[in-house]
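Subject: Structure handover

Hello,

Here is the structure I said I would pass on. My notes on it follow below.

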Amino acid sequence: MPAQASAAGWIGDTLRELVIVERTENPIWLSNAYLVADEASGTGVLIDGNDELGPLLERIERDAIEIAHVLVTHPHGDHVAGLAEARAQLGDPPLVAHPECAAELPDEVAVTLADGETLDTGGLEIEAIHTPGHAAGHLAFLVRAAAPDAADREAPADLFTADVLFKGTVGGTMAPGGSGFADLKASVMRLMELPPATRVHPGHREPTTIGEEWERNPFVRVWRGLEETGDERVTVWDRPATLKLWAPDYDGGNKAWIVFDDDGLEAIVGGSQVIRNQA
């Protein structure tokens, strides 16, 4: 189907015959929620909530899609808002999350997935990839159609990365429940091992591919050894620090990789937290 948009930021894409992926984008948080469905079986899942689920629910009702599970990437409010109401409307499909994420959600999680575990739901095969850093219990979901034809199974998969990897940038490490810079870097570079054609659906803003991020993402380029880090003196939360990388962010602002002077902690923070041009 052609791309469409509403005031809520609804964007729908049929990315291939076998799997339907649609997203809504919250106009304030810019966070995404997704409907992923197997066209043949009419079965699908919701991934995350953003308080703008109405267009997805309308599509579900219009096409009589059965929602078998609701997947949660991590427990931050801009990624779970509206899920309780949506589940009630859909007959309370079971929640799926990482065990550490499940412990922070107000509703019972029926299925917990650890790294590498899979969930078969209708015509979809969903693999959980543990991607800590932004949150300790953060999962990315790699979704493929459970296609019987070998050629179909070689089609590019769809990867839902939430707040670890975005188009042109990466997630922050100082949010509540974050597990730190080393985890975030390891998670991003692990995802870079996926096939370049893998389609990336982030937790905020536009889609991308693994290949595009491998070539163009400023953080990935530094971590690949292709670019040098900087040494600008800055202040973050009244703490002196060194700015190692200043890069674009998904919201039109910037992301910063910094190292604090007092304890040597490395972190990725929003550019608005950084006071530059220090003597």
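A nonpolar core, as the term is used here, is a set of buried Ala, Val, Leu, Ile, Met, Phe, Trp, Tyr and Cys residues joined through side-chain atoms within 4.5 Å. Buried means under 20% relative accessible area. Please keep in mind that the model is predicted.

Cores

On that definition, the largest nonpolar core has 25 residues, and Leu159, Leu165, Val188 and Trp223 have the most contacts inside it. Two or more residues each come from strand E12 (139-145), helix H5 (181-191), helix H7 (218-223) and strand E19 (239-248). H5 gives the most, with five residues. A second, separate core has 21 residues, among them Leu46, Leu56, Ala86 and Cys101.

Threonine 198 lies in the loop between H5 and strand E16 (199-202). Its relative accessibility is 3%, so threonine 198 counts as buried. The side chain of threonine 198 reaches the backbone oxygen of proline 195 at 2.8 Å. Not counting residues up to four places away in sequence, threonine 198 touches Leu142, Ala157, Leu159, Thr208, Thr209 and Ile210.

Sheet

Five strands make an open, antiparallel sheet in the order E21-E20-E19-E18-E22. Strand E21 (266-270) and strand E22 (274-275) are at the edges; each has a single partner strand, so one side of each is left without a neighbour in the sheet.

Going through the pairs, strand E18 (residues 232-236) is joined to E19 by five bridges, with glutamate 232 opposite leucine 243. E19 and E20 pair over seven bridges, and there alanine 247 stands opposite lysine 255. The hairpin of E19 and E20 has five residues between the strands, and glycine 252 in that hairpin takes a positive phi near 90°. E20 and E21 pair over five bridges, with valine 259 opposite glutamate 266. The hairpin of E20 and E21 also has five residues between its strands, and glycine 264 in the turn has a positive phi of about 75°. As for burial, six of the seven residues of strand E20 (residues 254-260) are buried.

Salt bridges

The count comes to 18 salt bridges.

- Glutamate 25 and arginine 205 meet at 2.7 Å, N to O. Glutamate 25 is in strand E2 (residues 19-25) and arginine 205 in the loop between E16 and strand E17 (208-209), 180 residues apart. Glutamate 25 is buried, at 9%, whereas arginine 205 is partly exposed, at 24%.
- Aspartate 107 and arginine 87 meet at 4.0 Å, N to O. Aspartate 107 is in the loop between helix H3 (99-102) and strand E9 (111-112), and arginine 87 is in helix H2 (residues 83-89), 20 residues apart. Aspartate 107 is partly exposed, at 33%, while arginine 87 is buried, at 12%.
- Arginine 276 and glutamate 232 meet at 2.6 Å, N to O. Arginine 276 is in the segment after E22 and glutamate 232 in strand E18, 44 residues apart. Arginine 276 is partly exposed, at 31%, and glutamate 232 is partly exposed, at 24%.

Finally, Glu22, Arg59, Arg62 and Asp63 are linked in a network of salt bridges.

Regards

Technical notes:
Residues are numbered from 1 along each chain as its sequence is written. This is a predicted model: local features need pLDDT of at least 70, side-chain atom pairs count only at pLDDT 80 or more; totals for chains, interfaces and linings use all residues. Side-chain values use heavy atoms; hydrogens and water are left out. Buried means under 20% relative accessible area, exposed over 50%, partly exposed in between (1.4 Å probe, protein chains only). Helices (H or I, at least four residues) and strands (E, at least two) are DSSP runs, numbered from the N terminus. Two strands pair if DSSP finds at least two bridges between them. A polar contact is a pair of N or O atoms within 3.5 Å; within protein, one must be able to donate a hydrogen and the other to accept it, and residues adjacent in sequence count only if both atoms are side-chain atoms. Contact means heavy atoms within 4.5 Å. A salt bridge is a side-chain nitrogen of Lys or Arg within 4 Å of a carboxyl oxygen of Asp or Glu.
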